[in-house]
Amino acid sequence: MLHLPRALVQVPEAKVGDLLARTLPAAAGMGRILAQHLASVAGEAHLLTEQDCARLGVISLDLAAGFLAERADAAGRLPPETRHQLLLSRIDVFLRDNLGDPGLGPAAVAAHHHISCEGYW
């Protein structure tokens with residue numbers, strides 16, 4: 001169960017009810033990214049400092065907000081920083097899932113995420 005401040009989640013009021021008190025998919029996509037992140041944080045909680053927790057709180061909120069916005073078809077309402085963090089998280093999972101692929105490289109990563117690799121690699 002995840003509790004989030006309503007004011008920090010950019011989901012239209014009319015769609016919030018569809019997301020409350022229900023199980024949401026965590027087997028693929030943003031659900032998987034969020035679930036892996038939260039499990040990792042919970043598993044390492046005993047080793048985290050107060051500063052670590054503050055930074056991870058921001059990242060966790062961005063991931064959760066992105067997941068909920070995607071489920072509510074409202075991803076365009078997210079702040080640019082949140083969209084950027086979500087893209088980085090998607091790329092991270094894609095890289096881990098495809099490390100054994102000999103064709104994995106900057107162009108493949110960029111193409112899969114519909115971004116340009118110019119200036120990044």
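How many residues does helix 4 have, and how far does helix 4 reach from its first C-alpha to its last? Select residues 80-97 to find out: helix 4 has 18 residues and reaches 26 Å, close to the 26 Å expected at 1.5 Å a residue. Keep in mind throughout that this is a predicted model.

**The whole chain**

Zoom out and show the protein as a cartoon. Read along the sequence, the pattern is α-α-α-α-α. The C-alpha atoms fill a box of roughly 45 × 35 × 25 Å along the principal axes. Of the 121 residues, 26% are buried. Take the contacts with a separation of 6 or more: residues 24 or more positions apart account for 57% of them.

The accessible surface comes to about 8,000 Å². Carbon and sulfur atoms hold 59% of that area. Colour by charge next. There are 10 positive and 13 negative charges, and their mean positions lie 7 Å apart.

**Helix 4**

Return to helix 4 and show side chains. Pick T82, L86, S89, I91, V93 and F94; these are buried. What covers them? Display helix 2 (29-44), helix 3 and helix 5 (106-112), which are among the elements covering the buried residues of helix 4.

**Helix 3**

Select residues 50-71, which form helix 3. Helix 3 has 22 residues. From first C-alpha to last it reaches 31 Å, close to the 32 Å expected at 1.5 Å a residue. Show the side chains here too. The buried residues are S60, D62, L63, A64, A65, G66, F67, L68 and A69. Their cover includes helix 2 and helix 4. Step past the end of the helix to D73, which follows helix 3. Check its backbone: phi is positive, near 55 degrees.

**F67**

Centre on F67, in helix 3. Is F67 buried or exposed? Its relative accessible area is 6%, under the 20% cut-off, so F67 counts as buried.

Which residues does F67 touch, leaving aside those up to four places away in sequence? Display L24, P25, M30, G31 and L34: F67 touches each of these.

Finish with a distance. Draw a line between the C-alpha atoms of F67 and G29. The two residues are 38 apart in sequence. In space, the line spans 8.8 Å.

Note on methods. Residues numbered from 1 in each chain as written. Predicted model: local features only at pLDDT ≥ 70, side-chain atom pairs only at ≥ 80, totals over all residues. Heavy atoms only, no water. Helix = DSSP H or I, 4+ residues; strand = E, 2+ residues; numbered from the N terminus. Buried < 20%, exposed > 50% of the residue type's maximum accessible area, 1.4 Å probe, protein only. Contact = heavy atoms within 4.5 Å. Areas by Shrake-Rupley, 256 points an atom, 1.4 Å probe, with all protein chains shown as cover. Lys, Arg positive; Asp, Glu negative; His and termini not counted. Charge placed at Lys NZ, Arg CZ, Asp CG, Glu CD. Expected span 1.5 Å × (residues − 1).
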